[in-house]
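The sequence and structure come before the text.

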Amino acid sequence: MTRLAPDRLAALLLFAAAAATPLVVRDIFILDSVILILLWGSLSAAWNVAGGYAGQVSLGHAAFFGIGAYAAALMSARYAQSPWLGLAVGVLLSIGAGALIGYLSNRLRGPYFALSTIAFAEVLKIVASRWRGFTAGSEGVPVAFRPGFWTLGLGHVAWLYLILVVALLCYGLQVFLERSRVGYQLAGVREDEDAAEALGIATRRRKVQAVVLSAALTSMCGSLWAQYVGFVDPVHVFSIDLSVRFALNSIIGGMGTALGPFLGSVLITSLETYLRATFSGLKAGFSGIYLIIYGVVLILIVRFAPEGLTGIAGRFRAWRMRAHA
Amino acid sequence: MTRRHLAFALAVLVITLTALAAVTYGQSGEYKIGVLEPLTGPLAGEGKRHLEGFEIVRDMINERGGVMGKKLAFVVADAPDPTAAATEATRLATREGVKIITGTFSSRLCGAASEAASRQNVIYWETSCVDPRFNKRGLKSVYRTEIDATGFGWYNVEFIAKHLAPRFGKKPNELKIAFLSEDSSYGQGVTESARQRAKQEFGMQEVGSVEYYKFDTINDFTPVIVKLKQAQPDVLHHIAHTNDSILFWRQAKEQNLQVKALVHAGATGYGSPDFGKAHGNDANGVFALLEPGPGFRVEALKPDGQKIEKEFRDAVQKRTGSYPAGGHQLAGGGLWLLKVVLDRARSDDPDKFRDAVMSLDLPAGSMINGWGVKFSAEGQNSNERVQHYMLQWQNGELGTVWPEEFTTKRAKWIPLGAWDQRK
Amino acid sequence: MDPAGRLGPAQIDVLAQLSVSTVLLGSIYALVAVGLTLIFGIMRVVNFAHGEFLMLGMYLAFWSFTLWSIDPWFMLLIAIPLFFGVGLLTYVLVMRGVIHASHNVQIFTTVGLSTALQNVALVLWTGDYHVFRPWHSGVIVRLAGTAFNLSQVVAFVISVALTIALFAFMKWTHTGRVMRATAQDGEAATLMGIDTDRVYRLTFAIGIACVGVAGVLVSPLYAAYPQAGLQFVLLAYVVVVLGGLGDMVGAMLGSLIVAAVEVGGSYVFGAAWKEVLYFLLFIGVLVFRPAGLFGQRGAETLGV
């Protein structure tokens, strides 16, 4: 009988804890927090497919998020159809956008690629803001809450289980990438693209595929987010802050690992929620303090755990081995 | 990967969940409501002023015995973006257990916040955002004390057509009007509603194409000014955020842009004290639609209104050292109205609250800002009761100039004339 | 409006005004970009916090004028060593720990720094918009049908002087050559006996000094507020890429191009689209000439 590797076990426990939460806790704020942790975790996992596994660090994933959010919101608000249909449309559009970004990833490396993705998301933001006839422009799209599964009008418990399914899907995809041939090839592309090409791996194609998959998953989560929060604002859904968040969770948790994005999301989302809940209500004028703390903590975490939380484990083991040598 | 990894992950999980479990308890004998404002991020300046307005009126309310026999207290939360607004609204409603949430200043935030509040069956009392669709979502416990963007546009065009046009010697349909706006929910909402009324009701001639820009990245208005000089409008309708209004006006003076009037609406941009501080007497002549400013004839209000308006102004003066700014007035006026409702309803039960809201019918001039109250079935306080005023910058002061029955001051520099002639 | 095509006096005035504004705006962008091209070019660090140092420079100028009536042109002289010191401090406290880590780690370090600095400003000085008007910001220069501000002219002059000075420094001094060598191949530089840590420290300090000076120079022209850096930071990256990393003259030329696209694009298509235009230009240049319009081919892969 094979024992589960510790990180798989940790992931299992994490998801089990999330699943058990509604049975144990009635507090809606906690449910809301768990939903957001799982949602941001899924988005980070989606980002991780391109960023961590294929080495294509994008800072413009909000572009796909926004496409998905608008697709779902407009489908229900403008065409009175099910947001699930919007989700599907969003995924298709994001596959197209992802192919475009994938093409860019074949021409550009490292920080240049990251900057080009930022530019792409910014362009979409302005287009969404000005296209008043279709997207209602800067005024955004309010999403009405209509109870039911097909209209994604769900209670917090139902949302939690739905997002959990999505999280498991994203987690599972990452595990698949780790263990499959495609995943090994991607790892090769990530570590040394020239060497991988020399080995006969179709690096260009693999990179595009990774980005496209990443885009599709991000868009799907964006559609669900739109229905959960109930309002799509172009400045928010295409914002660089969101793009940074998706990447941040993975990097804090451990890029290129399946557990990393979720672990990072647990830490960052909780940290931010906790700091804001505790400190933001202070005397007017001191609310910024919680963000100063957040920024400094970020610097420290990245400095002392550059491989992320999952990397710390590796270092513990190395330390322990040295101590016993 | 070792078992330490497991332990570490679990530890992280436990710590963070415990952190989430931290709870703040209020003192008994207090009635808590939630206050949601952007206190960080790009809207922080105005958010802070709204919070100040809330705090000042809360103290006034508590001097009178509070609400429903208890002292009114706030649970304040920061909402820098829509996701945070939704989460914090949920937290206020569930973890903090408030039954009423107020705020949220910005149209970007109020949609998400009110949606989240409604799902928790909590009353949402909006004091500022202008999104016209806010009340059209069929949410029964969502109310707004302030007029929406359509109302802002309505008032602006009313002023231009009825007060300015005759003084230019033109009929409204002979007036040439150009539109410039910052590109956000607020700017777009007000500008589009003004455009519509200007054209459809008065037949004003729109010259040049309407220009939108993002206020956080605008560095140079020269192309816009050059085009405006070519279009030669009589009136420039400019809805601005603050840094852009400051920049635009400086460049307009440098490049000698001549318009007969500039009209803005709202507490940011030309309506912000920062604009006056930045330009001094160069700001002379600019109009901004707002709550009452200096010159306001308190005597024009009803007796109850006079009393409360004087008290409000004194309290703001004491705390900030100056006349109430737009943000103070919107928040303060909205909170006072909440007290009036709670006094009548004697309960925060959503149905009793709603009955009380619908039963209120006070004429304009009854409350802070000279407002009255009459809510529509959709929870929107009506345009006619929420009197708005046109203010003008006159030698460092943003004073009330219209409607004339409400003020001792009169508008000057109509038309604006040369830049160095506006003394 | 006159029909298009006829180049009468009105059109010439328009063209002249747009051109003058382009040049003046471009010089401001160059001030911001010159420090960034050094940092990004030599250290390959995407410094998300670059705009925040500009913002701090603006506040420095505002407070020194408001509290002690010090004119920003004089404050410049103090700002250079002050921000050089700030750059050194930031490097030692924040950047040094991650200088050998991956690009991603560096990016997120600067993200944290950016958040922290913006909110330090918010807590200390609130979100109000602070403007001050030294005598020169009210002086309007009128020249052949165009009009602009004396503060802008001085910013232009200093911007050009700074660019030339840095160019000379990089090309003809020993330290400059050492910096360029480190940019090309950090490992080889170490093998040659170059203390790369010292090079990075110096680069970062110079870069921050430049952007702090930029903040002081633009302060009479724009309001100071915690998020003021956002007005310039993304387009500074566009400029740096267009001009070629580490290339001073490229930064100046790139700034002019971005300014021209902004001003011309706003005039033709409307102010809403200016960013779209320069971002599309940005992506286009990245795809077809990643070393920048003026850089050496292949230079973009160095050190990445």
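## Strand S9 of chain B and its partners

Strand S6 (residues 176–182) of chain B runs parallel to strand S9 of chain B, and five bridges join them. The model is a predicted one. Between S9(B) and S10(B) the chain passes through helix H8 (residues 242–254) of chain B, giving a right-handed β-α-β crossover.

| Strand paired with S9(B) | Sense | Bridges |
|---|---|---|
| S6(B) | parallel | five |

Strand S9 (residues 235–239) of chain B is largely enclosed by the rest of the structure, because five of its five residues are buried. In a regular strand, side chains alternate between the two faces of the sheet. Val235(B), His237(B) and Ile239(B) point one way from S9(B), while Leu236(B) and His238(B) point the other way.

## Nonpolar core

The largest nonpolar core has 352 residues, and those touching the most other members are Ile101(B), Ala113(B), Tyr29(C) and Ala236(C). The element that gives the most to this core is helix H2 (residues 28–53) of chain A, with 17 residues. Domain 1 and domain 2 of chain B each contribute at least three residues to this core. Beyond its neighbours within four places in sequence, Ile101(B) has contacts that include Ile33(B), Leu36(B), Leu92(B), Val122(B) and Trp125(B).

## Contact between chains A and B

Chain A gives 52 residues to the contact and chain B gives 50 residues. Among the elements of chain A that each supply at least two residues to the side touching chain B are helix H1 (6–24), helix H5 (110–130) and helix H15 (309–324). H13(A) accounts for the largest share of that side, nine residues. The side of chain A that touches chain B comprises 28 nonpolar, 15 polar and nine charged residues.

## Domains of chain B

The domain assignment of chain B lists domain 1 (25–129 + 301–387) and domain 2 (150–291 + 388–421). Their C-alpha centres are 29 Å apart. Domain 1 of chain B puts 15 residues into the contact and domain 2 of chain B puts in 16 residues. On the side of domain 1 that touches domain 2, helix H4 (107–119) and helix H11 (326–345) of chain B are the elements giving two or more residues. H11(B) gives the most to this side, with five residues. By class, this side of domain 1 of chain B has four nonpolar, nine polar and two charged residues.

Key
Residues are numbered from 1 along each chain as its sequence is written. Chains are lettered from A and ligands numbered from 1 in the order in which they are written. This is a predicted model: local features need pLDDT of at least 70, side-chain atom pairs count only at pLDDT 80 or more; totals for chains, interfaces and linings use all residues. A nonpolar core is a set of buried Ala, Val, Leu, Ile, Met, Phe, Trp, Tyr and Cys residues joined through C-beta atoms within 7 Å. A residue is buried if 20 or more other C-beta atoms lie within 10 Å of its own, exposed if 12 or fewer, and partly exposed in between; C-beta atoms are placed from the backbone. Helices (H or I, at least four residues) and strands (E, at least two) are DSSP runs, numbered from the N terminus. Domain bounds come from an automatic or database domain assignment. Two residues are in contact if their C-beta atoms, placed from the backbone, lie within 7 Å. Ala, Val, Leu, Ile, Met, Phe, Trp, Tyr, Cys and Pro count as nonpolar, Asp, Glu, Lys and Arg as charged, and the others, Gly among them, as polar. Two strands pair if DSSP finds at least two bridges between them. A crossover is right-handed if, with the strands pointing away from the viewer, the path from the first strand over the helix to the second runs clockwise.
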